[in-house]
Structure formats: structure tokens, C-alpha cells
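Please look at the sequence and the fold together before reading on. The text below takes up a helix pair and then a group of aromatic rings.

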Amino acid sequence: MSIQAPPRLLELAGQSVLRDQALTVSAVEELPRVLYLPLFMEAFSRRHFEALTVMVQAWPFTRLPLGSLMKTLHLETLKALLEGLHMVLTQKDRPRRWKLEVLDLRDVDENFWAIWPGAWALPCSPEAMSKRETAEDCPSTGEHQPLKVFIDVCLKEVPQDECLRYLFRWVYQRRGLVHLCCSKLVNYLTPIKYLRKSLKIIHLNSIQELEIRNMSWPHLIRKLRCYLKEMKNLRKLIFSRCHHYTSDNDLEERLVAKFSSVFLRLEHLQLLKIKLVTFFSGHLEQLIRCLQNPLENLELTCGYLLEEDVKCLSQYPSLGYLKHLNLSYVPLSRISLEALGALLEKVAATLETLILEGCQIHYSQLSDILPGLSRCSQLTTFYFGRNFMSMDALKDLLGHTGGLSKLSLETYPAPDESLNSLVHVDWEIFTPLRAELMRTLREVRQPRRIFIGPAPCPSCGSSPSEELELHLCC
């Protein structure tokens with residue numbers, strides 16, 4: 001039989017304060033800092049909304065990382081806290097102890113809450129705790145600065161999430177007093193009006209990662225270009241399944257030019273990802289030449305590129321320091337790959353990930369990329385599955401990877417000789433061929449995780465990935 005430790009004196013004091021609402025209101029101004037966070041967490045967990053409203057009005061720290069305490073926003077809790085903040089923000093003379101500068105609704109900074117319960121049993125050092133609490137905070141630039149509210153936004157449904165809608169309305173009604181900051185914004189909604197409403201409320205300079213899905217390119221460029229140009233701290237820009245709905249070539253060229261001009265303002269962009277890249281076929285150079293910052297990550301997938309598009313990739317300084325290049329499911333079988341080989345030569349000292357899966361590359365094109373590939377000494381991940389390679393071609397390819405000592409994840413297709421008339425793998429033929437390929441590889445280096453064969457695996461249905469230990473079930 002275990003004996004439960006008795007509650008600490010501070011815990012009992014906190015529980016007593018919460019039981020008496022009038023006492024909470026009168027005591028909050030004089031509440032010791034060492035008790036403030038445990039009491040707030042107690043009020044939060046028991047949903048003492050009136051206590052939360054009162055406590056946030058005398059918040060003695062510069063930050064309130066609420067998101068790490070509330071993994072999913074709870075509407076009534078949010079209302080209670082915002083009501084308390086409204087009372088403070090609209091006062092000319094703010095409470096003596098109130099120091100709040102940042103309300104963070106993202107799931108970050110759990111340590112802010114975790115260190116405090118353990119501090120109860122230690123000799124209290126207010127100076128040390130104050131130093132830790134303010135070290136990561138945004139510095140104050142003067143009295144009555146706008147309150148910064150940080151949140152990551154994902155627009156998935158219509159109507160929007162109830163908590164998010166309430167927060168947007170609350171911020172909109174207090175323009176000038178509150179800045180809504182959003183480091184990551186993801187939009188799944190096809191009706192663009194909901195995204196535009198959000199962008200009118202969010203402080204655009206705060207957006208560092210933007211992902212837009214399921215939208216037509218012409219509509220996107222016309223309606224969002226003015227907002228994109230103001231996202232001057234944008235680091236990651238992702239367009240997924242944005243469709244091409246115009247057959248007017250002149251209009252398309254004008255739209256691409258307008259869109260490309262946006263990149264002249266994005267001085268911090270590090271990642272550009274476009275899935276269904278067909279809209280830029282023949283126009284990619286306009287976009288690439290407008291990039292101001294050297295990209296670390298370029299993904300152009302699931303669409304068509306012309307030879308001139310691939311050629312431009314090796315010609316501009318902005319792509320000279322790539323760490324990750326993904327051209328998966330872009331058919332390259334009908335174009336020369338000399339330009340891709342030149343790009344690999346250019347980024348050989350920095351490239352860590354190369355994904356050429358499903359590009360329909362043939363053996364006759366390999367000679368264009370092998371010299372550049374063999375020099376990519378930093379390469380850790382190489383996806384080459386779903387291409388058309390003979391046994392001799394795969395041996396040649398594997399032989400050129402001898403200098404890639406950092407490769408930890410690599411995938412290759414089954415050789416053509418092991419495919420039957422239905423382009424399915426004949427396992428009796430494939431098994432000894434795979435063993436031969438592995439012997440060829442081990443003559444030049446020792447592989448770590450490697451997958452040779454069809455994907456997904458016909459036995460277990462899994463596809464190779466960084467989360468999966470590569471294997472064949474046969």
C-alpha cells in the first residue's frame with residue numbers, strides 16, 4: 001500500500017484562493033510570482049473562467065504560452081481570457097503588475113509551465129526565474145505597444161473553426177491594440193474569399209510558412225498577389241494541387257510574369273514547392289530569375305517541364321546552394337538531361353536530398369547525370385524508383401555512387417529484365433538479379449537503408465520512406 005504525499009502548503013493556498021471567487025479578485029494583485037503559474041494552471045484545468053479572466057489582467061510575465069497548455073483551443077476558456085485582455089487593453093492606465101506582450105496560442109514552449117512546479121520545493125530565486133522567463137520574449141519597445149497574438153492557422157472547413165472565427169473577430173474589433181501574428185498558414189479551402197478575409201486580419205510580415213492547396217492558378221495570382229508581396233519574412237512557400245484552367249497562352253504568360261514579380265520582394269525565401277507544376281511549363285525561367293535569396297529546397301513535382309525549363313535551373317545563382325531537390329513525377333524521358341547534370345555539378349557540395357522518382361528516366365539519359373551525381377558528397381537521400389532501367393543501367397548507376405559515403409536512404413526500380421508483359425515483377429527472375437545488384441554495390445561501398453524493387457511492396461503494400469526501415473517482404 002503506497003502512501004500519497006501530502007499537498008504542499010502553496011498548493012493548499014492556491015486551492016483555497018480558487019474556492020473563494022472574491023478572494024481571488026482581491027488577492028491576484030498581491031499574489032507571489034512563485035504561486036502565480038501553479039494557480040493559473042489549477043484554474044485552467046478546473047475551468048474557473050472568472051478566475052482566469054481576473055488573473056490575465058494582472059499577468060506578471062511578458063509571455064503567456066497558452067497553446068502548450070491548451071493543445072486544442074477551448075472556446076469558453078478562450079473567451080474568458082480574451083475578455084480579461086479586453087478590459088486591460090482598453091484602459092488608459094494599465095494594472096501595475098501587467099507585463100504581457102505576447103499571447104502565444106501555438107503548441108510551443110512547454111518548459112514555461114514545466115519548470116514551475118519543481119521550483120516550489122527549491123529556494124526561491126525570483127531574479128533567476130525572471131531572467132529565464134524573459135530571455136526568449138520579444139523585447140518591449142515602449143509603453144502601450146500592441147499585444148502580439150501568435151497562432152498557426154489551418155483553414156479546412158466552411159464555416160471556419162469556431163474558436164478561430166471568434167479570435168479573428170476579437171482581433172478585428174481591436175485593430176491597433178492587437179497584432180495577430182501567424183508563422184504558419186495552411187489553406188485547404190477552394191473558395192478564396194475565406195483566405196482573403198484571414199489575410200486582411202493577420203499581420204502579413206509575421207507569416208514565415210504559407211501553404212495553399214486546391215486553387216486555380218489564375219484565380220490565385222489575381223486575388224492573392226497583393227498579399228504575397230507583403231509577406232517579406234516568408235521562408236517556405238508551398239502550392240499543392242493548384243490547377244491550370246486557362247488555354248489562353250498570352251494570358252498565361254502575363255499571369256506568370258505577375259506572379260514571378262512577387263519573388264522580387266521575398267528576400268528570405270528558402271523553400272519553394274509547387275505540386276502540379278504544369279502551369280509554369282515553358283515559363284519557369286521567369287520565376288527562377290526573380291528569386292532574391294539562394295534557395296535551400298526546390299520541389300517541382302507532378303507535372304510537365306520543357307527542356308528549356310530544366311536548362312534554366314542550372315543558370316541562376318539562386319539555385320547554386322540547394323540542399324534538397326525534388327522533381328518526382330515530372331516526365332523527363334523526352335528531353336536531354338545535360339542541364340540536370342550541370343545543376344548537380346553546381347550543387348554537388350551542398351545537395352543532401354535528390355528525388356527523381358517516377359521521372360520515366362531511361363538508360364540512354366543516365367550518362368548526362370552520372371558525373372554530377374557521383375560528386376554529390378553530402379547526399380544522404382536518393383530516390384530513383386519508378387524509372388525504366390535495365391540491369392546494366394542499374395549496375396552503372398550503383399557503380400557511380402561509390403563516393404557517396406553519407407547515403408543513408410536510397411531507392412531504385414526493379415530492372416526491366418525482371419518485368420513481365422504486364423510490367424509486373426516476376427519474382428523468380430527478380431530475386432537473383434537483386435542479389436547481383438547488391439553485390440555490385442558492396443564492391444564500391446556498404447549501403448545502409450536501400451530498397452530495390454517495385455513500390456509499393458506487393459506483399460505488404462508499403463512504400464519506402466524515411467519513416468520506414470526499407471525491406472522487401474519476399
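This is a predicted model: local features need pLDDT of at least 70, side-chain atom pairs count only at pLDDT 80 or more; totals for chains, interfaces and linings use all residues.

Residues are numbered from 1 along each chain as its sequence is written, and side-chain values use heavy atoms, with hydrogens and water left out.

Helices here are DSSP runs (H or I, at least four residues), numbered from the N terminus. Helix 17 (residues 391-399) and helix 18 (residues 427-442) have axes that come within 9 Å and cross at roughly 25°. Helix 17 and helix 18 are therefore roughly parallel (angles under 35 degrees). The contact (heavy atoms within 4.5 Å) involves Met 391, Leu 394, Lys 395 and Leu 398 of helix 17, and Leu 433, Glu 436, Leu 437, Thr 440 and Leu 441 of helix 18.

Elsewhere, aromatic rings of Phe, Tyr and Trp (its six-membered ring) count as a pair if their centres lie within 6.5 Å, and as edge-to-face if the planes are over 60 degrees apart. The count comes to 17 aromatic pairs. Trp 217 and Phe 259 are edge-to-face, because their ring centres are 5.5 Å apart and the planes lie at 75°. Trp 217 belongs to helix 11 (residues 217-228) and Phe 259 to helix 12 (residues 249-261), 42 residues apart. Phe 259 also pairs edge-to-face with Phe 263, with centres 5.4 Å apart and planes at 75°.

Both Trp 217 and Phe 259 are buried (under 20% relative accessible area, 1.4 Å probe, protein chains only). Phe 263 also counts as buried, at 1% relative accessibility. Ring pairs join Trp 217, Phe 259 and Phe 263 with Phe 239, Phe 279 and Phe 280 in a cluster.

Key
Axes are lines fitted to C-alpha atoms, for helices over the stretch in contact, and angles run from 0 to 180 degrees between N-to-C directions. Helices (H or I, at least four residues) and strands (E, at least two) are DSSP runs, numbered from the N terminus. Angles under 35 degrees count as roughly parallel, over 145 as roughly antiparallel, 65 to 115 as roughly perpendicular and the rest as oblique. Rings of Phe, Tyr and Trp (its six-membered ring) pair if their centres lie within 6.5 Å; planes under 30 degrees apart count as stacked, over 60 as edge-to-face and the rest as tilted. Buried means under 20% relative accessible area, exposed over 50%, partly exposed in between (1.4 Å probe, protein chains only).
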